[in-house]
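Subject: Handing over the model

Dear colleague,

I am passing on the structure below, and after it you will find what turned up when I went through it. Please keep the structure open while you read.

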Amino acid sequence: MTALRGTGVSPGIAVGPALIVEHEVGPVFRLALSPEQVPAEVERLERALAVSADQLRSIKERLSREVGAPHAYIFDAHLLMLQDSLLGARAVEVVREQAVNAEWALRTVSESLHALFSEFSDAYLRERSTDLDDVIGRVQLNLRGAPGAPTLAKLPEPVVLVAGDLRPSEAAELDWDRVLAIVTDVGSSTYHTAIIARSLGIPAVAGLEDATRRIPPGGLVAVDGARGEVVVEPKAEALARLRAAQVLYRREEERLRGTRGLAALTADGVTVALEANVEFPEEAATAQQYGAEGIGLFRSEYLLGRGLRFPTEEQQLDVYRRLVEQMHPFPVTVRTWDVGGEAFGPAGPSSPNPALGERALRLLQRSADPFRVQLRALLRAGTHGPVRIMFPFVSGPSDLRVALALLEQARSELRVSGVAFREDVAVGVNLEVPSAAVVADLLAADVDFFSVGTNDLIQYLLAVDRTDPRVSGLYDPWHPAVLRTLHGIARSAAAAGRPLSVCGEMAAEPLQAVLLVGLGFRSLSMAPSAIPRVKEAIRAVTAADAQALAARCLALGSGVEIEALVRESLPTIARSAPVAS
Ligand code: PEP
Ligand code: MG
């Protein structure tokens, strides 16, 4: 028995035989062509590119049909990559310029694109090199005249799929009914395959580093997708423990799924809107499965992709429109680009402290274009349903004025060009910089709503880097300063009659969610899978009791005391909520 540990990226437990997937498309070698051979080689490459595009289109169609249109979005990105001048057209150029075979040309292009991607500091963007391999691997296969092979579309039996890197198009083609779990050497929770696995409810563990070497083909494997645990050839005892956990997990999932149709109401009848935070448009389907009443935060910068390229206005309109249509009649809140300076190209040395440097609206001084284009797309998407625009990283009224002036400019451009758009798309501020929280009353006059980004708000309020594990023990959502700040925001919003939400992780923790309700928050946005437990917590309390509890907490002097009081006052919810480490 061997136990491997990775990152649990999709919860659930499964036991079954391992199917190891390798990625050998065969050797690639360089052939020097005579000038007369070049046109035929170009034709061969162009044919393989066209066949690849057709295949991607049909995968996309199959996905749309069988899993829902949002999942197919990934393959739009693959198509775009394939058709990008840096890939297909460049490979054709290499064949022409260097008089080499198409395989070698593709390999050359792949190397230069990988070199480009490896320079990105953002892990998510670097991870997209997987998509590049996927697209190029497909063309290589088609060049070899083996368009159908290899096929994971028809598996002989239910298996635990073990892959170095399960590429998105392989995941899409998979015989899902026979995939018990997915285990990969690479990846994290932003990995496309992880997203698809979560959406399909298939347990998955990523980032295992050497699972493909350590798991024998056909060996029995037990996977715990929540704990990130993979047990190879488990002993009878471990197997029994995992099987028992599997039964409990299924029962709990069943029970939580049953809450989907229940209203998010406190025991004394106060409604709390529970919305979803999403990074990828395809997560909207998951949000709906968990009963989300809207998207409270779409982290739009994920649309930039690995090339850190801003999508065009039309591409964005298409994404936002689809999101709005899918979530109908609920609103979709799109946060404008929350990016660092790297998205605007090289500009000298990087900021000594990126969290306090040039980011989001502060990049307007470099170029307003990406923001203006996004605002135009959002205003246009407003004609399809309730879109809300949310500005991140606002520090006070002057930032907000600049952002609103840009929005007005986007409106007048659309008016001039005669394009249909919605004039009164709701506009809000993501309250996450302490100065903005302090002057929320001053901002209220100019916005339609507020949403508190507690992740950053706590980081800045307590001067604790949210990404540094060495100080994570100091990152304390229960801190009296956090509570007082949230209380102040709630009072400012109430005085101005502005709807108020929380879209940071505090909203996803059931005890903190109750405290937020007690402080006056009536909308909470969180990862879709957190919704059922938060809903349960809310249904178990009265808003009056939550308010009284919040008042008592506000009088306490330390995070330890506040957390203890909340746990003691809400014992049933506390039992099901994890103890903070
Ligand atoms: C936040 O800061 O709380 C937030 C919701 O946004 P992000 O985690 O993307 O910074
Ligand atoms: Mg933030």
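I begin with Ala99, which is buried, with a relative accessible area of 17% (buried means under 20% relative accessible area, exposed over 50% and partly exposed in between, with a 1.4 Å probe and protein chains only as cover). Ala99 sits in the loop between α3 (85-98) and α4 (102-118), where helices (H or I, at least four residues) and strands (E, at least two) are DSSP runs numbered from the N terminus. The phi of Ala99 is near 50°, a positive value in a residue other than glycine.

Before going further, please note that this is a predicted model, in which local features need pLDDT of at least 70 and side-chain atom pairs count only at pLDDT 80 or more, while totals for chains, interfaces and linings use all residues. Residues are numbered from 1 along each chain as its sequence is written, chains are lettered from A and ligands numbered from 1 in the order in which they are written, and side-chain values use heavy atoms, with hydrogens and water left out.

A positive phi, of about 45°, is also found at Ala360, although Ala360 is not a glycine. Ala360 lies in the loop between β11 and α13 (369-381), and its relative accessible area is 0%, so Ala360 counts as buried. Another backbone feature is the cis peptide bond that joins His328 and Pro329, with omega at about 5°; Pro329 belongs to the loop between α12 (313-327) and β11 (332-335).

Turning to the strands, five of the six residues of β9 (residues 273-278) are buried, and the strand is thus mostly covered. Strand β9 pairs in the parallel sense with β16 (residues 523-526) over four bridges, where two strands pair if DSSP finds at least two bridges between them. Within this pairing, Glu275 has Ser525 in β16 as its bridge partner. Strand β9 also pairs with β10 in the parallel sense, over three bridges, and there Ala276 has Ile295 in β10 as its bridge partner.

Which residues surround ligand 1? The shell consists of Leu297, Arg299, Arg335, Glu432, Gly453, Thr454, Asn455, Asp456, Arg466, Cys503 and Gly504, a residue being near a molecule if one of its heavy atoms lies within 4 Å of it. Both β10 (295-299) and α17 (454-462) supply at least two residues of this shell, and α17 gives the most, with three residues.

Among the atom pairs at ligand 1, a polar side-chain atom of Arg335 lies 2.9 Å from an oxygen atom of the ligand, and a polar backbone atom of Thr454 is 3.1 Å from an oxygen atom of ligand 1. Taken alone, ligand 1 exposes 280 Å², of which the protein buries 94% (accessible areas come from the Shrake-Rupley method with a 1.4 Å probe).

Finally, the magnesium ion (ligand 2) is coordinated by Glu432 (OE) and Asp456 (OD), at 2.1 Å; donors are N, O and S atoms within 2.8 Å of the metal (3.2 Å for Na, K and Ca), and water is not among the atoms, so sites may look incomplete. This pair links distant parts of the chain, with Glu432 in the loop between β13 (426-431) and α15 (434-438) and Asp456 in helix α17, 24 residues apart. Glu432 and Asp456 are both buried.

With kind regards

How values were computed: A polar contact is a pair of N or O atoms within 3.5 Å; within protein, one must be able to donate a hydrogen and the other to accept it, and residues adjacent in sequence count only if both atoms are side-chain atoms.
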